[in-house]
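This report describes a single chain, going from its cores to its sheet and then to the confidence of the model. The sequence and the structure are shown first.

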Amino acid sequence: MSDFVFYAEASVGCACILMLLLYSIKKLPTPQFKFNLFYQLVVWHIIYFASDTAWALVNNGVIPKTTFSVLATNYLNAVILAIVFYCCFAYAEISTRPEMTRLQIQSLRTKLRIPIYVESVLLLVSFILMPEFWLDQNLEPRDLYFFLLVFLPFVYIMTVTVRCFGRVLKPHSQLSLKTYLIVASYTPGCIVAGAAQIFLSLTTPIFCFWCTMIILFVYLNSQNQLISTDPLTSLNNRNQLQRYLQLSHESIDHYVIMVDVDKFKQINDTYGHVEGDRALVFVSKALKSACGRLGKSTFLCRYGGDEFLVVVPTELPGLAIKVIKDCLKEELSSHYTMPSYALEVSIGYAFWNGKLSSFKKSVAEADHKMYEDKRS
């Protein structure tokens, strides 16, 4: 069997695996925008594998190898590969920047598409007017083509990797460390796999195997996030709280802090549930910022409704309360534009010795103090 035939079969196989994945993604019970971007990412990988299959069949002679067929398949590969990595960039940005608005997302995606439009037009015109510039006498692409093939994808993927690792270094991003690293993990493998295929063996489907594996890996991580993450605020949920409590915490004193949004029912009744959700998302962002300042050992989750729970390993609970209030004030003054109500929270805290058996008692005490704060 020809190496190119094996290459085509491998690409088709990877495309079939990803099509099964598309069916699974469609069944996900989540409205999260990032899953729509992930769906698009998978679709464009499938399209690329189909284009790569056509390239292999042309090189094997199953599809007649002519100047037109060679240029057409190589053109499609170059453009589609750029779109694939554009989708990677967009998905990475949405996954690691939950604060982005829909308008910001649309603006970013528009800007990211511009290099693809430019490359598509210039490449098409040069392929039509100067085919001999790109192909040798054996109808094989010249080295310049392979440079162009990887240039734009390389720029996309290196830019998003630098941005992800840059966010890892920021204190407020420690809670999202795993997400950043998983998104950034796509890059080294793509570079190594793509380089190995171009410089070692064009007929070995290294790149399609790597892409399929990493997409499955990201999907499994996303599934785990659905199980352990609140879909509205992207904070930990009660399931993740239970996992956290199974860990050993008895070596240091902790305080359980309960945070509740004041007059939340009134916000929903007066301004609607969309505005109520917006208020919850805003408070969650302020709490994330506070936890970043308090240290990466701090645990934060949405406890239920408009209540949030923070577990802080500290001997100074008053300082932790001050940090939370300061972060909320800073976020209000710099980012939040509200209708005509004051977004405020009530806070209560209680000591926790780190033992699972005493956690519910500490939560009850913190909850009681929180309602005392609400009545005061």
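## Nonpolar cores

A nonpolar core is here a set of buried Ala, Val, Leu, Ile, Met, Phe, Trp, Tyr and Cys residues joined through side-chain atoms within 4.5 Å, where buried means under 20% relative accessible area. In this predicted model, the largest such core has 57 residues, and the members that touch the most others are Phe38, Val42, Phe49, Phe85, Tyr156 and Phe207. Two or more residues of this core come from each of helix 1 (3–26), helix 2 (33–60), helix 3 (67–96), helix 4 (102–129), helix 6 (143–168), helix 8 (186–199) and helix 9 (206–228), with helix 3 giving the largest share, 18 residues.

Once its neighbours within four places in sequence are left aside, Phe38 is in contact with Ile25, Tyr91, Ile215, Val218 and Tyr219.

Four strands form an open sheet with antiparallel pairing, in the order 2-3-1-4. Strand 2 (299–304) and strand 4 (345–352) stand at the edges, and because each has a single partner strand, one side of each is left without a neighbour in the sheet. From one strand to the next the twist averages 20°.

Between strand 1 (residues 254–261) and strand 4, the antiparallel pairing runs over 8 bridges, and within this pair Val256 stands opposite Ala350 of strand 4. Helix 13 (residues 317–334) packs on the sheet, where it touches strand 1, strand 3 and strand 4, and its direction makes about 155° with that of strand 4.

## The chain as a whole

The chain holds 14 helices and 4 strands, and buried residues make up 49% of its 376 residues. Of the contacts with a separation of 6 or more, 74% are between residues 24 or more positions apart. The accessible surface comes to about 19000 Å², and carbon and sulfur atoms account for 64% of that surface.

## Confidence

The mean pLDDT of the chain is 82, with 86% of the residues reaching 70 or more. Confidence is highest in strand 3 (residues 307–312), at a mean of 94, and lowest in helix 7 (residues 177–184), at 60. Over residues 171–175 the pLDDT stays under 50, and for this stretch the model has 12 contacts beyond four places in sequence.

Definitions and conventions:
Residues are numbered from 1 along each chain as its sequence is written. This is a predicted model: local features need pLDDT of at least 70, side-chain atom pairs count only at pLDDT 80 or more; totals for chains, interfaces and linings use all residues. Side-chain values use heavy atoms; hydrogens and water are left out. pLDDT is the predictor's confidence in each residue, from 0 to 100. Contact means heavy atoms within 4.5 Å. Two strands pair if DSSP finds at least two bridges between them. Axes are lines fitted to C-alpha atoms, for helices over the stretch in contact, and angles run from 0 to 180 degrees between N-to-C directions. Buried means under 20% relative accessible area, exposed over 50%, partly exposed in between (1.4 Å probe, protein chains only). Accessible areas come from the Shrake-Rupley method with a 1.4 Å probe; for residues, only the protein chains shown count as cover.
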